Amino acid sequence: MLFDTHVHLNARQFAEDREETIQRARDAGVEYMVVVGFDHETIPLAIEIAEENENIYAAVGWHPVDAIDMTEKELEWIETLSAHPKVVAIGEMGLDYHWDKSPKDVQKKVFRQQIALAKKVNMPVIIHNREATEDIIEILQEEQASEVGGIMHCYNDSVDYVQTCLDMNFYISLGGPVTFKNAPLPKEVAKQVPLDRLLVETDAPFLAPHPYRGKRNEPAYVARVAEDIAALREMDVTELGNITTENAKRFFKIN
């Protein structure tokens, strides 16, 4: 049993074969998924997919790359949608210093606004971090995000930051990069994160694991992520799947 905690079935890459993709995931043992919406186009579709499919849920938030496009209107929209019975988290949100569409000060403001919203509606947060770890941790601490907790989505940073994240009531989620031969950081993290704080994901259609690297990722491939983590931890993959699934259900408050 597997739980893909972060997937973009609402991406255009799945427009032609979304139902088949979901069925392949089911066939691979993926029982639960959270579809993450992050802008005007993907948020409504995330909820629609969740409504139409058992054990598929949605998260709603605003991506830091597009922070410059977010106004009070979008924030109010996300707050309204957070009351939907299948919405289980606010995000993805955070900071992205790789792309320069949105200035850093705008990203930080929008990030803080969404943390405040998550606390207001009492929902956990999903964090997008690209080349911004120290600023993200500082903002999470200043805004007391530990009150609601969250996920460090597709964690790909030093093991040195893991304990700080755990102390803030966060879970560590690993995806395709943990399977890459030239990626020592996520492998070391996979070995050291406490089992009760570990999650798995695909971030599909992005970051496909080995041997699919460079191709379209899909939720069925979360099995490859689980296999490599289990091997790194020298444990049975079925046990790892069950533990990470229970972790995700507890985190998202899914019975």
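Me: How close do the axes of helix α7 (residues 184–192) and α8 come, and at roughly what angle do they cross?

Reply: This is a predicted model, in which local features need pLDDT of at least 70 and side-chain atom pairs count only at pLDDT 80 or more, while totals for chains, interfaces and linings use all residues. Residues are numbered from 1 along each chain as its sequence is written, and side-chain values use heavy atoms, with hydrogens and water left out. Helices are DSSP runs of H or I with at least four residues, strands runs of E with at least two, numbered from the N terminus. Axes are lines fitted to C-alpha atoms, for helices over the stretch in contact, with angles from 0 to 180 degrees between N-to-C directions. Here the axes of α7 and α8 come within 9 Å and cross at roughly 65°. The two helices are therefore roughly perpendicular (65 to 115 degrees).

Me: Which residues make that contact?

Reply: Contact means heavy atoms within 4.5 Å. From α7 come Lys187, Ala190, Lys191 and Gln192, and from α8 Ile229, Leu232 and Arg233.

Me: At what angle do α3 and α4 cross?

Reply: Helix α3 (residues 72–81) and helix α4 (residues 104–121) have axes that come within 11 Å and cross at roughly 30°. That angle makes α3 roughly parallel to α4 (under 35 degrees). On the α3 side the contact involves Glu72, Leu75, Ile78 and Glu79; on the α4 side, Gln113, Gln114, Leu117, Lys120 and Val121.

Me: How many residues has the largest nonpolar core?

Reply: In soluble globular proteins, nonpolar side chains tend to be buried together. A nonpolar core is a set of buried Ala, Val, Leu, Ile, Met, Phe, Trp, Tyr and Cys residues joined through side-chain atoms within 4.5 Å; buried means under 20% relative accessible area, with a 1.4 Å probe and protein chains only. The largest such core has 68 residues, and Leu140, Met152 and Ile172 have the most contacts inside it. Its largest share, six residues, comes from helix α8 (residues 222–233). A second, separate core of 16 residues includes Val36, Tyr57, Ala59 and Ile254.

Me: What does Leu140 touch, apart from its neighbours within four places in sequence?

Reply: Among the contacts of Leu140 are Phe111, Ile115, Met152 and Phe170.

Me: Is Glu92 buried or exposed?

Reply: Glu92, in strand β4 (residues 87–96), counts as buried because its relative accessibility is 2%. Beyond its neighbours within four places in sequence, Glu92 has contacts including His6, His8, His63, His128 and His153.

Conventions: Buried means under 20% relative accessible area, exposed over 50%, partly exposed in between (1.4 Å probe, protein chains only). Angles under 35 degrees count as roughly parallel, over 145 as roughly antiparallel, 65 to 115 as roughly perpendicular and the rest as oblique.
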